[in-house]
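Visitor: I am new here and would like a close look at one part of this structure. Could you take me through its aromatic rings and what lies around them?

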Amino acid sequence: MQDEVLIKRLKQRDMKAYEEVIDTYKNYVGAIVKSRISVSMRNEDIEEVVADVFVALWKQSDRLDAKKGNLKNYIGIIARNLAINKIRGSYNLLSIDDDMEITGDVSPEYEVMNRETRDILLHEVNTLKSLDKEIITKYYMEGETVKKIAEDMQLNPNTVKAKLLRARKKLKKSLSERGYSYENL
């Protein structure tokens, strides 16, 4: 019921409703974006994507329909898609190619740290079993959904989720062992 009221107010371009949505969902959006791009981008990039999610929501508010789903799911989809687009638009972290490059205005120190991090991640991704490596690549670099990966690879979606979880844990552990703070990446 709360979502229906908020959606109606957003459609009427009610700025207080917009602020309420931001207050209610900013941590949720931040968690989604951070889970997608924190390994590959700076905190400023994460904050930018979070802000972009709410801008996109405002711009698309006339298309919201409470009957087609709840506001939280809609915002979550926007957050996921913008995070994936941010990764694709900047550079390929975990690229299986050796010709990785950084674009944009970054300091030389950040660029060196980022290259080192990518090299570590690339090494760790390449040590994964073939199936796990393929799933990680499809999910993080190609932006495919768990459902699509499961269909393409003829796996149960829960199997795909479990493999992604285990691979992320392994990558986080590897970074931590090398002195990189997962929170700062």
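Guide: Here is a walk through the aromatic pairs and the charges beside them. This is a predicted model, in which local features need pLDDT of at least 70, side-chain atom pairs count only at pLDDT 80 or more, and totals for chains, interfaces and linings use all residues. Residues are numbered from 1 along each chain as its sequence is written, and side-chain values use heavy atoms, leaving out hydrogens and water.

You will find two aromatic pairs. Rings of Phe, Tyr and Trp (its six-membered ring) pair if their centres lie within 6.5 Å; planes under 30 degrees apart count as stacked, over 60 as edge-to-face and the rest as tilted. For Y18 and W58, the ring centres are 4.8 Å apart and the planes meet at 55°, so this pair is tilted. It links distant parts of the chain, 40 residues apart: Y18 belongs to helix 2 (residues 15–37) and W58 to helix 3 (residues 43–59). Helices here are DSSP runs (H or I, at least four residues), numbered from the N terminus. Y18 and W58 are both buried, meaning under 20% relative accessible area, whereas exposed is over 50% and partly exposed in between (1.4 Å probe, protein chains only).

About one helical turn separates Y25 and Y28, because they are three residues apart in helix 2. Y25 counts as buried because its relative accessibility is 9%, while Y28, at 27%, counts as partly exposed. Over the ring of Y28 sits the charged end of K72, 4.8 Å from the ring centre.

How values were computed:
Helix = DSSP H or I, 4+ residues; strand = E, 2+ residues; numbered from the N terminus. Lys NZ or Arg CZ within 6 Å of the ring centre and 35° of its normal.
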